[in-house]
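Here are a few exercises to work through with the model open beside you. Try each task before you read its solution.

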Amino acid sequence: MKRLLKGILKAILVLLGLLIAVLVVVYFMYNKKVPEGKNTQEADALAYKMLTAINKAAYQDTRYLEWSFAGGNHRYKWDRKIGHVTVIWEQYKVLLNLNTPKLSEVFENGAKVIGTEKTKLITTATDYFNNDSFWLVAPFKIFDEGTIRSLVTLDDGTQGLMITYNSGGTTPGDSYVWKLKENGMPTSYKMWVKIIPIGGLEATWDNWKTMENGVLLPTSHKIGPVSLSMGEVRAYN
């Protein structure tokens, strides 16, 4: 029995060693430093071109947004006019008040939650919303307070639009480099974010659809072999 246990332990250690080696190789192969941006005024012009392509005017007039994330496990209905979001996951439902989070209401299996557990779930809902809404409306946030826009040269020689978020959201300090079509339509971005140890991972912005009020929104993304669906996306007034 001892010999068997030693054999199992040895096999586990070997597998862990191989996994660590693979992760180290992947890190050094794919990790890239944040590029140095320049030409802020030209970057602003490119940013406005992108906003025109996705119809920011229609987005500004949009009251309601609906979508899902994490394989449909996170579901949202956002009332942008009053700053309220219904966030649903697992057995929880949070009526999130973005302006005054402590006024939010929390339910578990239909029963109201109070106390410290309520506070924790409000924080969780806020983090989910900040992340999952970014995958829906990030292009419209490129002039948010605390953002810096600059130009970088991409591998194919074209210009990319780098946005650095110095404040706001759950993880301030993150940077994204957008790749755009000639007409300004976003096709992908590369990410330098705190929650991902490898810098420069690329995510596509795919299957853009014109919503019933005219705004264009993505319905899926891909990061390497991983697909991210935004569910049934809606934008209306």
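**Exercise 1. Count the helices and strands in the chain.**
Start with the rule: DSSP runs count as helices (H or I, at least four residues) or strands (E, at least two), numbered from the N terminus. Applied here, it gives four helices and 16 strands. Before going on, note that this is a predicted model, where local features need pLDDT of at least 70, side-chain atom pairs count only at pLDDT 80 or more, and totals for chains, interfaces and linings use all residues. Residues are numbered from 1 along each chain as its sequence is written, and side-chain values use heavy atoms, leaving out hydrogens and water.

**Exercise 2. Describe how Y48 and F143 pair.**
First, the test: rings of Phe, Tyr and Trp (its six-membered ring) pair if their centres lie within 6.5 Å; planes under 30 degrees apart are stacked, over 60 edge-to-face, and the rest tilted. A search of the whole structure finds 22 aromatic pairs. In one of them, Y48 and F143 are 4.7 Å apart centre to centre with 25° between the planes, a stacked pair.

**Exercise 3. Are F69 and W135 buried or exposed?**
Buried means under 20% relative accessible area, exposed over 50%, and partly exposed in between (1.4 Å probe, protein chains only). Both F69 and W135 are buried. Finally, look around them: F69 and W135 belong to one aromatic cluster, whose members include F134, Y165 and W208.
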